[in-house]
Each structure stands twice: as C-alpha cells, then as structure tokens.
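Reader: I am new to this structure. Please take me through one part of it closely, then show me how the rest compares.

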Amino acid sequence: MNYNHEPVLLETALQFLEPQPGQNFIDATLGGGGYSRALLDYVIPEGKVLSIDLDPAALENYQAQLSSKQKKNAIAVHGNFRNLDDIVRNHEFYNIAGIVADIGLSSYQLDQSGRGITFQNKEPLDMRFDVSDPTTDARFIINNHSEEQLKEIFRNYGEDRLSGKIARAIVQRRGEKPFHYTTDLTELIRESLPKPQQHKWQDTARRIFQALRIAVNHELENLETFLPKALDLLNPGGKLVIISFHSLEDRIVKKFFVESSRGCTCPIDFPICRCGKNPLGMILTKKIVTANEEEQARNPRSIPAKLRAFKKL
Ligand SMILES: C[S@@+](CC[C@H](N)C(=O)[O-])C[C@H]1O[C@@H](n2cnc3c(N)ncnc32)[C@H](O)[C@@H]1O
C-alpha cells in the first residue's frame with residue numbers, strides 16, 4: 001500500500017515529549033505512522049506506544065511498516081480518540097508519559113483515498129475518515145440537511161462570507177438533481193459566485209469542502225472531548241502535545257491549556273477561595289510553535305501547523 005504522509009513538526013514534538021527508554025506513549029492520530037515509529041525507537045525494548053486512528057487504511061499501512069523489533073511494543077487501535085479512556089482501559093495501557101495528537105487529515109486521505117476530501121478531483125462526496133462507519137457522509141449532509149443547517153456548517157467551520165447563498169443554491173439544486181460527486185458541488189460553488197469573483201472560486205471551494213469535512217467527522221467535538229481525558233490519563237509530569245491545522249481547533253487547545261493551568265477562579269474580592277480549583281499543570285509553549293522556514297519550504301502542508309504543549313503537575 002502506498003500511504004503517503006510526511007510528518008509535520010516531528011522533531012519539535014519529540015523535544016517536548018522527551019521520550020526515554022522504557023516509557024509508554026500514546027499517539028492519538030497514527031496517520032502515516034511517522035510519530036508512532038519515532039516514539040517506538042526511543043522507548044523500546046521495554047516501553048510501548050499505543051496508536052489510534054479512525055482510518056482502517058492507516059492501521060493497515062502501519063502494520064506493514066513495523067520491523068519485528070518494533071511490532072512487539074506497538075499497539076494499534078482502530079478507534080476514535082474521543083474514546084481515549086475506554087481504549088486505554090480495554091488495552092490496560094497505563095503509566096503514560098506522553099500523549100501526542102496531530103489533528104486533522106493525512107496526505108493519503110487528501111490525495112489518494114478517493115473520498116472526495118479534495119475538490120480538485122472528481123470523487124464521490126464521502127469525506128469520512130472512518131469508512132467502516134456507516135453513519136453520515138458528506139453526500140447525506142448535502143442532500144438532506146436544511147438550508148439553515150448547511151449555512152451554519154459553512155459559516156462556523158469554513159468562515160465563508162457566501163455561506164447563506166451557497167446553502168440556498170444547494171437546497172434549490174438538489175430538488176432537481178441530488179449531489180453525488182465533488183464536481184457537482186464545485187460547479188454549484190462556481191456558479192453561485194458573483195461574476196467578478198468567479199476566477200477565485202477555488203478559495204471558496206476550499207473553505208466549503210473543509211467545513212463539510214469537519215462536520216462529517218465531528219472534528220471539533222472530538223477534540224473537545226479528547227483533551228480533558230488525555231490530561232487525566234497522563235502520569236504526573238506527563239506531556240500533552242497537540243498539533244492543529246485550523247484556527248478553530250487551535251482556539252480549543254489554547255483555551256483548554258489556559259484553563260487547565262489556572263488555579264483559583266474566584267472573583268478577586270472574595271476574601272478566601274471558594275472554588276478550590278488548583279492548576280493541573282503548566283503550559284510549555286508560551287508562544288505558539290510553527291514549522292521553521294526549512295520545513296515549510298520542504299513540506300508546504302506544514303505551513304498552517306500550530307503546536308502547543310502542556311505538562312501535567
Ligand atoms: C495529520 S494525520 C497524522 C499524521 C501522523 N502524525 C504521521 O506522522 O503520519 C491525522 C490522522 O488523524 C486521524 N484522525 C482524525 N480524527 C481522529 C479521531 N477523532 N480519532 C482517531 N484518529 C483521528 C486521521 O484519520 C488521520 O489519519
């Protein structure tokens with residue numbers, strides 16, 4: 001299988017995770033396996049790496065890549081990182097020194113999977129990371145959601161100015177002809193733009209496709225559910241490293257880290273603390289970390305990446 005993905009910010013993430021022989025780590029987003037294999041090389045022969053992915057193709061590729069030495073210490077799970085607590089319990093995987101999540105999608109999913117995640121090719125409108133999950137795909141959303149729901153998706157996750165106009169046009173069009181392929185949607189997007197802006201249709205298409213993908217995979221809800229579970233499962237002193245590619249995701253990570261690093265939140269005029277809240281840890285990345293110029297030039301997909309790291313007390 002030719003599963004393509006170049007890891008982003010790998011060296012930086014490893015600097016924050018500081019893996020040592022004998023430690024256990026979780027890679028919540030296996031993808032092409034770059035992070036998992038690097039962690040395995042640090043922790044073997046005693047330490048283990050538990051890797052999770054929603055996409056069966058990522059797991060198949062990983063199993064084929066591992067050396068026999070790595071295989072003994074690699075646990076690969078098909079699942080959703082939002083269920084991290086259950087996954088850890090089912091595999092009796094404890095004593096966790098670090099957790100990394102490189103959120104979003106792999107190059108394989110974008111370019112090779114044929115799931116309609118990119119608007120560049122004619123592909124079925126699917127967009128699911130987990131193709132074994134029979135629930136909602138992009139085609140279902142486009143052909144069944146109300147105009148208001150579509151507008152919300154495009155506006156909230158794509159931040160597109162023409163969200164309302166495109167949602168209205170979809171609902172009108174699908175009455176005559178349901179949407180099946182990416183090209184059905186790109187044609188409609190192009191036609192919906194005012195004439196002077198039609199040459200920029202790809203910018204709008206990118207935002208609309210991104211919004212749909214986020215909705216299909218419940219990406220923001222998954223992240224919100226995952227973060228407190230991950231922090232809870234770490235050993236004291238354990239590190240949580242998150243790499244995100246979308247400002248909405250980064251906002252969620254930033255807010256969670258800031259809140260988790262705060263102690264008492266009582267109003268300033270309370271003579272004594274009533275909330276009893278203690279800091280759960282400290283933020284290791286006072287400023288956001290991005291890929292350096294060399295990495296951005298070598299791998300342009302690293303340009304929007306943002307890394308934040310947290311250390312549990
Ligand atoms: C950017 S890739 C990870 C790349 C990986 N770090 C590497 O080095 O190859 C993101 C991966 O996360 C997976 N993913 C996205 N949301 C997920 C979720 N909620 N649970 C588990 N995996 C998820 C995607 O299927 C994709 O394979």
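Author: The buried residues of α11 are covered by several helices, including α7 (138-144), α8 (147-158), α9 (163-176), α10 (182-192) and α12 (219-233). Covering rests on contact, meaning heavy atoms within 4.5 Å. Helices (H or I, at least four residues) and strands (E, at least two) are DSSP runs, numbered from the N terminus. The model is predicted: local features need pLDDT of at least 70, side-chain atom pairs count only at pLDDT 80 or more, and totals for chains, interfaces and linings use all residues. Residues are numbered from 1 along each chain as its sequence is written, and side-chain values use heavy atoms, with hydrogens and water left out.

Helix α11 itself covers residues 201-216, 16 residues in all. From its first C-alpha to its last it reaches 22 Å, close to the 22 Å expected at 1.5 Å a residue. The expected span is 1.5 Å times one less than the number of residues. The buried residues of α11 are Trp201, Thr204, Ala205, Ile208, Phe209, Ala211, Leu212, Arg213, Ile214, Ala215 and Val216. Buried means under 20% relative accessible area, exposed over 50%, and partly exposed in between (1.4 Å probe, protein chains only). An α-helix has 3.6 residues a turn, so residues three or four places apart point the same way. After α11 comes His218, with a positive phi near 50 degrees.

One of the covering helices, α10, holds Ser192. Ser192 is buried, at 8% relative accessible area. Beyond its neighbours within four places in sequence, Ser192 touches Lys165, Ile166 and Ala169.

Helix α13 (residues 247-261) has 15 residues. At 1.5 Å a residue they should span 21 Å, and the end C-alpha atoms are 21 Å apart, which agrees. Its buried residues are Leu248, Glu249, Asp250, Ile252, Val253, Phe256, Phe257 and Ser260. Their cover includes α8, α12, β5 (234-244), β6 (281-283) and β7 (306-312).

Helix α1 (residues 10-17) packs against α2 at about 45 degrees, with the axes 11 Å apart. That makes α1 oblique to α2. Angles under 35 degrees count as roughly parallel, over 145 as roughly antiparallel, 65 to 115 as roughly perpendicular and the rest as oblique. Axes are lines fitted to C-alpha atoms, for helices over the stretch in contact, and angles run from 0 to 180 degrees between N-to-C directions. Leu10, Ala13, Leu14 and Leu17 in α1 meet Gly34, Tyr35, Ala38, Leu39 and Tyr42 in α2. By class, this contact has eight nonpolar, one polar and no charged residues. Here Ala, Val, Leu, Ile, Met, Phe, Trp, Tyr, Cys and Pro count as nonpolar, Asp, Glu, Lys and Arg as charged, and the others, Gly among them, as polar.

The loops deserve a look too. Glu18 lies between α1 and β1. Its phi is positive, near 45 degrees, though Glu18 is not glycine. Glu18 is partly exposed, at 44% relative accessible area. Ala28 sits in the loop between β1 (24-27) and α2 (34-43). Ala28 is buried, at 2%. Leaving aside neighbours within four places in sequence, Ala28 contacts Ile52, Phe81, Val100, Ala101 and Phe226. Pro45 is in the loop between α2 and β2 (49-53). The peptide bond from Ile44 to Pro45 is cis, with omega near 15 degrees. Glu92 lies between α5 (84-90) and β4 (96-102). Glu92 has a positive phi of about 45 degrees and counts as exposed at 65% relative accessibility.
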